[in-house]
Amino acid sequence: MTQNPWTRQPEPEPGPASGPAQAVDLPRRGASAPQHGVPAPAEDQRLPKFAIPTADTLWWVGVHGGAGESTMAQLLQGTRAANHRWPIPPPPVPTPVILVARTNGSGLRAAQRAATEWASGVVQGVAVLGLVLIADAPGRLPRVLDDFADIVGGGVPRVWDIPWIEEWRRGEAPSPDNTPDEVFEVLDSIYALRASNPGDYPAPY
């Protein structure tokens with residue numbers, strides 16, 4: 001990931017004074033690593049796992065069908081969709097992942113289960129950087145879902161919000177032309193966070 005293709009203005013050429021990328025970070029909301037005493041979900045409520053050869057990229061883990069992980073992988077070049085599974089590299093370095101869910105009730109419950117599964121410590125080899133919530137409908141969330149989203153967000157380090165985008169619903173491929181400013185801000189934050197310290201993940205293997 002050497003440059004962010006989703007920046008509206010061309011990035012300046014690096015000069016002698018250029019330093020490492022500075023993360024446009026969000027304040028941490030919840031735990032940044034698994035916690036002792038968190039009960040794991042039942043086996044049939046956990047996400048499956050698959051092996052990856054090395055922790056060399058950022059993975060999007062959609063926590064339910066239609067979550068939008070493939071869309072996020074299209075938006076940020078060099079990242080991958082995990083197909084609703086935990087990507088597990090060999091020791092000792094964990095791989096960074098971002099959970100992805102829709103903002104409907106079932107999507108938020110799935111996000112809560114995945115966050116709980118990670119927090120319980122039963123998923124070894126991943127570092128959850130946060131959660132992307134993608135709007136499931138236009139307009140504001142109903143109060144009950146908005147409150148629930150706040151609760152779910154408290155179980156992960158960060159939360160990013162993607163608004164409803166009618167062009168994507170109609171089947172248009174995501175592109176800079178049909179992507180609103182809010183999405184560019186999310187991508188800038190995630191890109192800078194990933195690029196700033198690619199080997200410094202908040203969870204041990």
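## Exercises around Phe50

At 16% relative accessibility, Phe50 counts as buried, because buried means under 20% relative accessible area, exposed over 50% and partly exposed in between (1.4 Å probe, protein chains only). The model is predicted: local features need pLDDT of at least 70, side-chain atom pairs count only at pLDDT 80 or more, and totals for chains, interfaces and linings use all residues. Residues are numbered from 1 along each chain as its sequence is written, and side-chain values use heavy atoms, with hydrogens and water left out.

**Exercise 1. Classify the ring pair of Phe50 and Trp59.**

Step 1. Recall the rule. Rings of Phe, Tyr and Trp (its six-membered ring) pair if their centres lie within 6.5 Å; planes under 30 degrees apart count as stacked, over 60 as edge-to-face and the rest as tilted.

Step 2. Count. The rule gives 1 aromatic pair.

Step 3. Apply the rule. The centres of Phe50 and Trp59 are 5.5 Å apart and the planes stand at 75 degrees, so the pair is edge-to-face.

Step 4. Check the partner. Trp59 has a relative accessible area of 7%, so Trp59 is buried.

**Exercise 2. Find the residue over the face of Phe50.**

Step 1. A charge sits over a ring if NZ of Lys or CZ of Arg is within 6 Å of the ring centre and within 35 degrees of the ring normal.

Step 2. Name the residue. Arg85 lies over the face, at 3.8 Å from the ring centre.

**Exercise 3. State the burial of the chain.**

Solution. The chain has 205 residues, and 44% of them count as buried.
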